[in-house]
Amino acid sequence: MDCIFCKIANGEIPSTTIYEDGDFRVITDINPANLGHCLVIPKAHAANVYELSEELTAKAFVIAKKVAAAVKKATECDGVNILQNNGETAGQTVFHFHIHIIPRLKSDDVKLSFGSFKADSESIAAMGEKIKKSL
Ligand code: AMP
Ligand code: ZN
């Protein structure tokens, strides 16, 4: 399998590494939404959050929290987005799990809009119940 994030996370391709441990590497994004945009990448291949073990998922988000604080301190940004895309429809372009940490400035023009889906309260509650049963 030819996966760029496997190669980066395992050091086969050089990267600007912010943090590394036995399971993860945190790098700067090559095409950042803002200066300071970082990615938390597991060393073991998992295409998305469904494939990542619960243990590594928990570790990934703890690292993301620490990196978010460092990004905030270093960039002196006004806010931070922590994002994780699963599937092409959700904006995933690299099919190896990663968490984005994106510093946000009042003056930036980063577009992260959820729009507004029109749904009545019964449909919202019914889908909530369906999700509950799917857990
Ligand atoms: P996503 O759209 O959630 O799959 O995010 C993929 C991210 O990986 C994008 O923000 C890209 O800019 C970034 N990216 C792709 N290739 C590289 C690379 N070689 N080094 C660093 N970041 C990369
Ligand atoms: Zn991979």
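I started with His37, which sits in the loop between β2 and β3. Helices (H or I, at least four residues) and strands (E, at least two) are DSSP runs here, numbered from the N terminus.

Before going on, I noted that this is a predicted model, where local features need pLDDT of at least 70, side-chain atom pairs count only at pLDDT 80 or more, and totals for chains, interfaces and linings use all residues. Residues are numbered from 1 along each chain as its sequence is written, chains are lettered from A and ligands numbered from 1 in the order in which they are written, and side-chain values use heavy atoms, with hydrogens and water left out.

**Entry: His37**

Is His37 buried or exposed? I found His37 buried, because its relative accessibility is 5%. The cut-offs are under 20% relative accessible area for buried, over 50% for exposed and partly exposed in between (1.4 Å probe, protein chains only).

I then looked up what His37 meets, leaving aside neighbours within four places in sequence. Its contacts (heavy atoms within 4.5 Å) are Ile27, Thr28, Asp29, Pro32, His100, Ile101, Ile102 and Pro103. A polar atom of the His37 side chain also lies 2.9 Å from the backbone nitrogen of Ala33.

**Entry: the strands**

Next I traced β2, residues 24–28, and saw that four of its five residues are buried. Strands pair if DSSP finds at least two bridges between them. β2 runs antiparallel to β1 (residues 17–20), with three bridges joining them. I found Thr17 opposite Ile27 of β2. Three residues lie between β1 and β2, and the two strands form a hairpin.

β2 also pairs with β3 (residues 38–42), again antiparallel, over five bridges. Here Thr28 has Cys38 in β3 as its bridge partner.

For reference, the ideal angle for four tetrahedral donors is 109.5 degrees.

**Entry: Asp108**

Asp108 is in the loop between β5 and α3 (121–134). It counts as buried because its relative accessible area is 17%. Its side chain makes a polar contact with the side chain of Arg104 at 2.9 Å. A polar contact is a pair of N or O atoms within 3.5 Å; within protein, one must be able to donate a hydrogen and the other to accept it, and residues adjacent in sequence count only if both atoms are side-chain atoms. A polar atom of the Asp108 side chain is also 2.9 Å from the backbone nitrogen of Leu105.

**Entry: ligand 1**

Last, I found 16 residues around ligand 1, the closest being Asp29, Gly91, Thr93, His98 and His100; near means a heavy atom within 4 Å. A ligand oxygen is 2.7 Å from an N or O atom in the His100 side chain.
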